[in-house]
Amino acid sequence: YWQPTNWLRVAAYILKSWLLMFGPLLLIQGVSLSSITHAGYGLGGIGGAAIAYYVTQPALRQRSIDTLNWVCRAVYTTLGSLLLL
């Protein structure tokens with residue numbers, strides 16, 4: 001689970017999700033200092049939430065209920081958004 005190739009996958013998924021969310025924004029709004037700054041904040045939020053989930057995933061898999069897994073996904077996403085809001 002902790003192999004470097006898995007960390008590369010996490011980084012690739014973070015970049016893909018960032019591109020899906022902020023690529024169209026930059027195309028529509030145009031490239032300016034403000035839009036690049038906000039897109040950078042978005043990358044930080046997405047990356048932080050994804051890395052937090054990846055790090056806690058082994059402990060979550062040991063639980064007998066899957067509800068905690070989904071709650072953690074929602075909490076990490078919310079915290080990643082609120083932190084950079």
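How do the residues of the lining of the largest pocket divide into nonpolar, polar and charged? They divide into 10 nonpolar, six polar and one charged. This is a predicted model. Its chain has three helices and zero strands.

**The chain as a whole**

- From the N terminus on, the elements run α-α-α.
- The helices are α1 (4–29), α2 (33–61) and α3 (67–84).
- Taken along the principal axes, the C-alpha atoms fill a box of roughly 45 × 30 × 15 Å.
- The chain has 85 residues, and 25% of them are buried.
- The accessible surface comes to about 6200 Å². Carbon and sulfur atoms hold 71% of that surface.
- Take the contacts between residues at least 6 apart in sequence: 65% of these join residues at least 24 apart.

**The largest pocket**

- The volume of this pocket is about 380 Å³.
- Its lining has 17 residues. Nearest the centre lie Gly 45, Ile 46, Thr 77, Gly 80 and Ser 81.
- α1, α2 and α3 each supply at least two residues of the lining.
- α2 gives the most, with eight residues.

**The second largest pocket**

- This pocket holds about 210 Å³ of space.
- Its lining consists of Tyr 1, Asn 6, Arg 9, Val 10, Tyr 13, Ile 14, Ala 50, Tyr 53, Tyr 54, Gln 57 and Arg 61.
- The elements that give two or more residues to this lining are α1 and α2.
- By class, the lining has seven nonpolar, two polar and two charged residues.

**The nonpolar cores**

- The largest nonpolar core has eight residues: Val 10, Ile 14, Trp 18, Phe 22, Leu 26, Ala 39, Ile 46 and Tyr 54.
- α1 and α2 are the elements that give two or more residues to this core. The largest share, five residues, comes from α1.
- Another core lies apart from the largest one. This other core has five residues, among them Ala 49, Tyr 53, Leu 60 and Cys 72.

**Residues that link these topics**

- Ile 46 belongs to the largest core, and Ile 46 is also one of the residues nearest the centre of the largest pocket.
- Val 10, Ile 14 and Tyr 54 are among the residues of the largest core.
- Tyr 54 touches Tyr 1, Trp 2, Asn 6, Trp 7 and Val 10, not counting residues up to four places away in sequence.

How values were computed
Residues are numbered from 1 along each chain as its sequence is written. This is a predicted model: local features need pLDDT of at least 70, side-chain atom pairs count only at pLDDT 80 or more; totals for chains, interfaces and linings use all residues. Side-chain values use heavy atoms; hydrogens and water are left out. On a 1 Å grid over the protein atoms alone, a cavity is a set of points where a 1.4 Å probe fits but cannot get out, and a pocket is an open set with protein on both sides within 12 Å along at least five of seven lines; lining residues have an atom within 4 Å of a point. Grid points are joined across faces, edges and corners, and a volume is the space filled by probe spheres set on the points. Helices (H or I, at least four residues) and strands (E, at least two) are DSSP runs, numbered from the N terminus. Ala, Val, Leu, Ile, Met, Phe, Trp, Tyr, Cys and Pro count as nonpolar, Asp, Glu, Lys and Arg as charged, and the others, Gly among them, as polar. Buried means under 20% relative accessible area, exposed over 50%, partly exposed in between (1.4 Å probe, protein chains only). Contact means heavy atoms within 4.5 Å. Accessible areas come from the Shrake-Rupley method with a 1.4 Å probe; for residues, only the protein chains shown count as cover. A nonpolar core is a set of buried Ala, Val, Leu, Ile, Met, Phe, Trp, Tyr and Cys residues joined through side-chain atoms within 4.5 Å.
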